[in-house]
Amino acid sequence: MTNTRQVVLHKGISNDRETLSIITIYEPGFTKQQVKVDNPFSKKWGVLLQDKSYSEWVREL
């Protein structure tokens, strides 16, 4: 059985003024609409498909 997880990518700035890439991986069962409510500022979305033996990143357009 394949688990599907929503993935969100966005940028941030640390206290030291360094640019950070922030990747948030949500638990299986979250829909894209639920994630948009939780994280409305992200522009890059994707889906992580996980099986017992592999994980595959799928970028949504």
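This note goes through the fold, the sheet and the surface of a predicted model.

1. Residues are numbered from 1 along each chain as its sequence is written. Because the model is predicted, local features need pLDDT of at least 70 and side-chain atom pairs count only at pLDDT 80 or more, whereas totals for chains, interfaces and linings use all residues.

2. The protein has 1 helix and 4 strands, where helices (H or I, at least four residues) and strands (E, at least two) are DSSP runs numbered from the N terminus. Along the sequence these elements follow the pattern β-β-α-β-β, and the C-alpha trace spans about 45 × 25 × 20 Å along its principal axes.

3. The 4 strands form an open sheet in the order β2-β1-β3-β4, with antiparallel pairing; two strands pair if DSSP finds at least two bridges between them. Its edge strands are β2 (19-25) and β4 (55-59), each of which pairs on one side only.

4. Strand β3 (residues 44-50) pairs with β4 in the antiparallel sense over 5 bridges. Within this part of the sheet, Gly46 has Arg59 of β4 as its bridge partner.

5. Of the 61 residues in the protein, 21% are buried, which here means under 20% relative accessible area with a 1.4 Å probe, counting protein chains only. The protein exposes about 4,900 Å², and carbon and sulfur atoms supply 53% of that area, as computed by the Shrake-Rupley method with a 1.4 Å probe.

6. Among contacts (heavy atoms within 4.5 Å) between residues at least 6 apart in sequence, 44% join residues at least 24 apart.

Conventions: Side-chain values use heavy atoms; hydrogens and water are left out. Buried means under 20% relative accessible area, exposed over 50%, partly exposed in between (1.4 Å probe, protein chains only).
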